[in-house]
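Biologist: I have a new model open and I'm a bit lost. Can you walk me through it?
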Amino acid sequence: MSADAGPNAAGLARDARVERVVLLGLSLPALALVTVTMILPVGWLFWLSFLADDGSLSLVHYQRLVEQPSYARIFRTTFEVSALATLICIVLGYPLAYVLSQLPPRVAGVAMIGVLMPFWTSILVRTYAWLVLLQRRGLINTWGMELGLWDEPLALVHDLNGTLIGMVHIMLPFLVLPVYGSMRAIDRDYLKAAANLGAGPARAFRLVFFPLSLPGLMAGAIIVFILCLGFYVTPAVLGGGKVIMVANRIANDIEIFFNWGAASALGVVLLVLTMLVLWAASRLLRLDRILGGHGT
Amino acid sequence: MMLRRTLLGSALATAVAATAGSAEAQLTVVSFGGSYQEAQSKALFQPAAKALGITIKEETYTGIADLRLKVKAGAVTWDIVASGSGSAARAGAEGILEKLDYKTIDVSSFLPGLYQDYCVGGDVFSTVLAWNTKTYGDKGPQSWADFWDVKKFPGKRSYRKSVAGALEPALMADGVPPNKVYEVLSAPGGIERAIKKIKELKPHVAVWWASGAQHAQLMKDGEVDLVTGWNGRFDVAKKDGAKVAYTFNQALLDYDCYAIAKGAPHRDLAMKFLAEISKPQYQAEFTKYITYGPTNKKAYDLGTIEAAYAKQLPSHPDNAAKQLTVNLDWYIKFEEKASAAYQNMLTE
């Protein structure tokens, strides 16, 4: 603060301090909640992962992750399944969002309810519903065979197929919403200008519309991918024990071995890998801009 | 003022005495909930509490990991813990259970091997081979060799996702006689031999099941043709219309048991309570609610279990003779290693 800032400078500075204190006070409950429900448990988990069974500091749990090949495979499965689910969500969700964005807002609003409807039912219920539909003597196989579409029951569930169907169903709205939002925000005049300059509809879409919708698509894809990494219920119910993701193995290790340390180490590795993905994505894609931070 | 203080003081003292009195006469027992705990409550917990003139508080939990947290935190509120035999054996070795006093608990008429230092057997169940009667009729596979024989019994299999009870059938299918199974499994290369046999079956396993509810549901839905699982669950599924039958041939005999939590608030009373529910009349009553057998042989002699029904129970002498009793010592020593190998096989 310089001396010639005027007679009111001290008063202004005081007001600013008061305001800061008030703001801090207002955000305290939220901070406390995050500390209690997020930072403390994660810190404790982190700490546990470095303790051996006898309570001494050790890397034994991380050593196990490296030595037993099944852990590496489980991480690979987790990232592969998540990537596949994200890809399918993009293929299904992008055109859907496009169609919705071209509809008159009122009609789109009604159609959007259809997209959001799954949110109103619990994941567990939806997952078991898929089991009923997809299994050997489930609705789809029974109808398909009665209509003569196929002779032998198709393997639709208790494997990767079932897991992906269940995951995509749950994740699709997370992709459609941001994509739809970014498409709605695109100024139609840009497309008219492109047409005016001689671009056909396909070319205008490719050169103008698609790049402008890309931030929404990236945001959606990253949200979907990261949420997929932590999936537990869907692979447990629809994977038939063949699709083992990190969360499933964590549950397994706790139930079978009373082994918090081993499970904590798995959690820590997943957390670090997820953060790495986010960081890489933010470097590559200017995530701050996409997610609405103070980007330039 | 003085008077008021005295009055208040004596009222407080009475209140304290009353709580202490009721605390002495109340036990807390924790089990797995569902139809299983309902059977325990009706046949064991409530009648035994009445006989001892105490009250019992029931809670539910998901497994021994919950108890471990309580013991480690020094906040044990449970007295009696219902557990699987294997988890109890490992929990005992780990030091989170109290040693049982077999001078108080009479196990002289127990079937062999159904009690351990830290846990007294409450009921006996079998891991059996079950089949879809729609696919194979009543003459289904009768041995683990049949279960592995995909030519003789073509169809989809379901097998357990975790290692407990998974290696023994594989070795029997590979020609090891039941009484040699644990000897082979303890020798170098034994676990690998069993895993190799399961790998043979892997392409035919449609579902790796994770819970009793799941394998019962699989049979109800006709999702698979052959399955391993717990006999009581299949009986319940059958009552619900599932096309399922099972055999006790080469099944694995195992038991659920009762333990006392380390640092339990009422250790001595809990010990007396366990002595009470281990008596044959309670065990006979328990079988009326679920087809799990008594651990106390004398329960069969009371005449309260119908003869025809007794023949369906896992611990009936005729059935027990056909089975292999699960060896807990083997699990204490080798389960961690076996589980790693099993998980490795599953993710390959």
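Modeller: Let's start with A:His158. A:His158 counts as buried, because 28 C-beta neighbours lie inside 10 Å. The cut-offs: buried is 20 or more other C-beta atoms within 10 Å of a residue's own, exposed is 12 or fewer, partly exposed is in between, and C-beta atoms are placed from the backbone.

Biologist: Where does A:His158 lie?

Modeller: A:His158 lies in the loop between helix H6 (139-146) and H7 of chain A. A:His158 has a positive phi of about 65 degrees, although it is not a glycine. As for labels, helices (H or I, at least four residues) and strands (E, at least two) are DSSP runs, numbered from the N terminus.

Biologist: And what are the ground rules for this model?

Modeller: It is a predicted model, where local features need pLDDT of at least 70, side-chain atom pairs count only at pLDDT 80 or more, and totals for chains, interfaces and linings use all residues. Residues are numbered from 1 along each chain as its sequence is written, while chains are lettered from A and ligands numbered from 1 in the order in which they are written.

Biologist: Next, A:Met167. Is A:Met167 buried or exposed?

Modeller: Buried, with 28 other C-beta atoms within 10 Å of A:Met167. Its place is in helix H7 (residues 160-184) of chain A.

Biologist: What does A:Met167 touch, not counting residues up to four places away in sequence?

Modeller: A:Met167 touches A:Ala85, A:Cys228, A:Phe231 and A:Thr234. Contact here means that two C-beta atoms, placed from the backbone, lie within 7 Å. Look at A:Thr127 as well: A:Met167 and A:Thr127 are 40 residues apart in sequence and 8.7 Å apart in space, C-alpha to C-alpha.

Biologist: Helix pairs now. At roughly what angle do H8(A) and H9(A) cross?

Modeller: Helix H8 (residues 188-196) and helix H9 (residues 201-229) of chain A cross at roughly 140 degrees, and their axes come within 10 Å. Axes are lines fitted to C-alpha atoms, for helices over the stretch in contact, and angles run from 0 to 180 degrees between N-to-C directions. H8(A) and H9(A) are therefore oblique to each other. Under 35 degrees counts as roughly parallel, over 145 as roughly antiparallel, 65 to 115 as roughly perpendicular and the rest as oblique.

Biologist: Which residues make that contact in H8(A) and H9(A)?

Modeller: H8(A) brings A:Tyr190, A:Leu191, A:Ala194 and A:Ala195, and H9(A) brings A:Ala204, A:Leu207, A:Val208 and A:Phe209. By class, the contact of H8(A) with H9(A) has eight nonpolar, no polar and no charged residues. Ala, Val, Leu, Ile, Met, Phe, Trp, Tyr, Cys and Pro count as nonpolar, Asp, Glu, Lys and Arg as charged, and the others, Gly among them, as polar.

Biologist: On to chain B. Why is S5(B) largely enclosed by the rest of the structure?

Modeller: Because 14 of the 14 residues of strand S5 (residues 119-132) of chain B are buried.

Biologist: Which strands does S5(B) pair with?

Modeller: Strand S9 (residues 244-260) of chain B is one of them: the two pair in the antiparallel sense over eleven bridges. There, B:Phe125 stands opposite B:Asp254. Pairing means that DSSP finds at least two bridges between two strands. S5(B) also runs antiparallel to S8(B), joined by five bridges, with B:Val128 and B:Gly229 as bridge partners. Strand S4 (residues 115-116) of chain B pairs with S5(B) too, antiparallel, over two bridges. A hairpin of two residues joins S4(B) to S5(B).

Biologist: What about parallel pairs?

Modeller: S6(B) pairs in the parallel sense with strand S7 (residues 205-209) of chain B over four bridges. B:Tyr159 has B:Trp208 as its bridge partner in S7(B). S6(B) also pairs in the parallel sense with strand S8 (residues 226-230) of chain B, over two bridges.

Biologist: Last one. How many residues does each chain give to the contact?

Modeller: Chain A gives 20 residues and chain B gives 22. On the side of chain A that touches chain B, H11(A) has the largest share, five residues. That side has eight nonpolar, seven polar and five charged residues.
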